[in-house]
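Colleague: I would like to learn how to read a structure like this one. Please take me through a few features.

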Amino acid sequence: MGPVLVNPGERAAQVAERAARESYGRLVALLAAPAGDLELAEDTLAQAFERALTTWPRDGVPDNPEGWLLAVARNRQRDLWKSAAHRRSRSLEAAVDAGADLGAGVVATLDDLDPDRIPDRRLALLFVCAHPAIAADVRTPLMLQVVLGFDAAAIARAFAVPAAAMSQRLVRAKRRIRDARVPFAVPGRQAMPERLPWVLEAVYGCYALSFQDRGEGDSLAGEARHLAVTTARLLGDEPEAWSLAALLTLTSARAAAPGGPYLPLQDQDPGTWDRGLIAEGEAYLRRAGRPGRAPGRFQLEAAIQAVHCDRARAGATDWDALCTLYTALVAIAPSLGGRVAHAAVIGRARSPGAGLELLEALPVERERFQPYHAARGDLLARLGRREEAAAAYTRAAALTTDPAARAFLGRRAEEAGGP
Amino acid sequence: MRYMLLFHHREATEESVGAEAMAEGMRAMASYAATLEQAGILVSGQVLRPSADSTTLTLVDGEPRIQDGPFADTKEQLGGVVVIDVPDLDAALDWARQAPPLSWGSVEIRPGGMHIEDGKWVPSW
């Protein structure tokens, strides 16, 4: 592929945009690692993108856009490290003045990079974002920004916090990473079991955000799924990482087209599910299998999704399998969501009364938890306790932000309370 | 990169914890010091006398005021520090994990800013 000169402006913008989406995290990981400076990496990369948008339309898109961006950002970084102005404002000043070789070492490390063979250090970057020394509530936002390239304003919208507050949190985390010197490294085998769950939790957080439809939903879900698959590939042999990739892929396979009416899982037509994604998710789940080893949380959750997706093939839901999987899941990860789903499945497979009993045993936080009221409404309706069912559905609807789901729950309330 | 490990814990005396526990704690600290030394990362260490022995100086309206007792009168006090020189936070965390005072309280890991060498302040990172 040589430089393309046909309609160069538009093409350059497209290539820059694609490079931004696909390579952002890779380039940030490479640029930030030497000095642990994410802010500087993002600043210089942004400058490189800006330059691409002015020079590519004029001179043509380079053969290796990523390598070009890396080289430009790297040179900019080197200039900054060498400049007195930068040294005055950054911690490197002292190191350089003291004769420590950090500044020179950083430049040498970047120079060693061959732009034609760009290594993938995103895994180390993920472990930085989800480091236990970084506040838990900023890990997912940090991943969204430095690995996936979302801007602070979009992340703030997804988390429903003011943009300025989110920016400040992100900046503080990045400075902490630089100043406390959180290492850009993948933990060794010994530390891995302790560190990996934080990474997977934060990746899962990226995906979970997309359920709260705040405008970023579609792109977030797709990018988060992609990130989970990338994480599993980079790690190679971690069952829970493949399980998370399977979970998000199988969940995505059932995702409704945007703007459509809300349908609960059991009312969905399996014909509308994405068979390609189902097959892909099942393949990931097989990679997670370890005979003789107890399954992890994400493995159980992915297996539950696989059972639901299997209705597309078998025509009916295997409720016994769901009972077994949910019982195992709430035993190792007793989250409120998992326990509500467990109760709903028991209510369906055994008896509504048995499910209701499990719901009543939940802690008081249940009162503000929408799925609790929705599941309770369903079980009460099955028991013929119509007024209580209508009240539970009404409460569930009131706790729902998604308009389509709210409309659905409202209809259920009317049906339960009506003649 | 220099990190200071600060040991915060309830102050113990021979009367409060018993002579045997006290002796065991001292043995653990001795072996920790030897391990740090052997690893070649130990810069310095200091265990402190009880905070009751402390004297605090503050300027009040420009005049120094001397008070008996520590700067902050809290249940947990700074009991000692160790300064180590290691490549990054993960390495510092590993050494902090092995510190005996962790069983008595908390270990704070604070990156160094500057330290004195030959009478001059030099950066610690």
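Colleague: How many Å separate the centres of domain 2 of chain A and domain 4 of chain A?

Modeller: Some conventions come before the answer. This is a predicted model, in which local features need pLDDT of at least 70, side-chain atom pairs count only at pLDDT 80 or more, and totals for chains, interfaces and linings use all residues. Residues are numbered from 1 along each chain as its sequence is written, while chains are lettered from A and ligands numbered from 1 in the order in which they are written. Domain bounds come from an automatic or database domain assignment. For chain A, that assignment gives domain 1 (1-113), domain 2 (120-236), domain 3 (245-317) and domain 4 (329-419). The centres of domain 2 and domain 4 of chain A, taken over C-alpha atoms, are 32 Å apart.

Colleague: How many helices and strands does chain A have?

Modeller: Helices (H or I, at least four residues) and strands (E, at least two) are DSSP runs, numbered from the N terminus. Chain A has 22 helices and zero strands.

Colleague: What span should helix α17 of chain A have?

Modeller: The expected span is 1.5 Å times one less than the number of residues. Helix α17 (residues 319-332) of chain A has 14 residues and should span 20 Å, which agrees with the 20 Å between its end C-alpha atoms.

Colleague: Which residues of α17(A) are buried?

Modeller: A residue is buried if 20 or more other C-beta atoms, placed from the backbone, lie within 10 Å of its own, exposed if 12 or fewer, and partly exposed in between. In α17(A), the buried residues are Leu322(A), Leu325(A), Tyr326(A) and Leu329(A).

Colleague: Which residues is Leu244(A) in contact with, leaving aside its neighbours within four places in sequence?

Modeller: Two residues are in contact if their C-beta atoms, placed from the backbone, lie within 7 Å. With those neighbours left aside, Leu244(A) is in contact with Leu200(A), Val203(A), Tyr204(A), Ala228(A) and Phe298(A).

Colleague: How much of chain A counts as buried?

Modeller: The buried share is 41% of the 419 residues of chain A.
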